Amino acid sequence: MPIASDVIIGRGVRIFQPDLVNLYGCSIGADTKVGAFVEIQKNAQIGERCKISSHSFICEGVTIEDECFVGHGVMFTNDIYPRAVNPDGSPQTETDWKVVKTVVKKRASIGSNATILAGITIGEGALIGAGAVVTHDVPSFAIVAGVPARVIGDVRKREVAND
């Protein structure tokens, strides 16, 4: 079952190809759109009026607030020091590591193929460039790009220039 029975889906949510997603234990706010080949794991929260583009991975511990854009192939992480096994060689289980939370604030936009490391806060209205690797918090309304992502501008100045 691609959409588990424990998923909380708000009014007006559009999941364009429900057979091609993997959603479980998460919540998706009203009027949000979810593309094909998206995985949203347990305890992830998606706000209202968001767009989650195809091939994106939103793991446990990620909160995306209202009116955010997540481009194609965006990857979130939730573990700063991931390991397959414990020091003794035994396979790790859920009890062997701690989820590190990530927050994407209202109206932020994340470009295609960006990677967001665990524990990051992306500020309100921020813009993450395509292919960026976000390793530190992003201030509200900042434009960041590169590997690692660096501030290259301010969204508010760009919006004024385009008016």
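**View 1. The hairpin of β19 and β20.** Strands β19 and β20 form a hairpin with 4 residues between them. Gly146, in the turn, has a positive phi of about 100 degrees. Strands here are DSSP runs of E with at least two residues, numbered from the N terminus. β19 (residues 142-145) runs antiparallel to β20, and 4 bridges join them. Ile143 has Gly153 in β20 as its bridge partner. The model is predicted, with local features needing pLDDT of at least 70 and side-chain atom pairs counting only at pLDDT 80 or more, while totals for chains, interfaces and linings use all residues. Residues are numbered from 1 along each chain as its sequence is written, and side-chain values use heavy atoms, without hydrogens and water.

**View 2. The open sheet of 8 strands.** The strand order is β2-β5-β8-β11-β14-β17-β19-β20, and the pairing is mixed. Because β2 (14-15) and β20 (150-154) stand at the edges with a single partner strand each, one side of each has no neighbour in the sheet. Two strands pair if DSSP finds at least two bridges between them.

**View 3. Strands β8 and β11.** β8 (residues 51-52) and β11 (residues 69-70) run parallel and are joined by 2 bridges. Val70 in β11 is the bridge partner of Ile52.

**View 4. The largest nonpolar core.** This core has 38 residues, and Ile64, Phe76 and Ile122 have the most contacts inside it. The elements giving two or more residues to the core are β10 (62-64) and β19. A nonpolar core is a set of buried Ala, Val, Leu, Ile, Met, Phe, Trp, Tyr and Cys residues joined through side-chain atoms within 4.5 Å; buried means under 20% relative accessible area (1.4 Å probe, protein chains only).

**View 5. Surroundings of Phe76.** Leaving aside neighbours within four places in sequence, Phe76 is in contact (heavy atoms within 4.5 Å) with residues including Phe57, Ile58, Val62, Ile64, Thr102 and Ile116.

Notes. Buried < 20%, exposed > 50% of the residue type's maximum accessible area, 1.4 Å probe, protein only.
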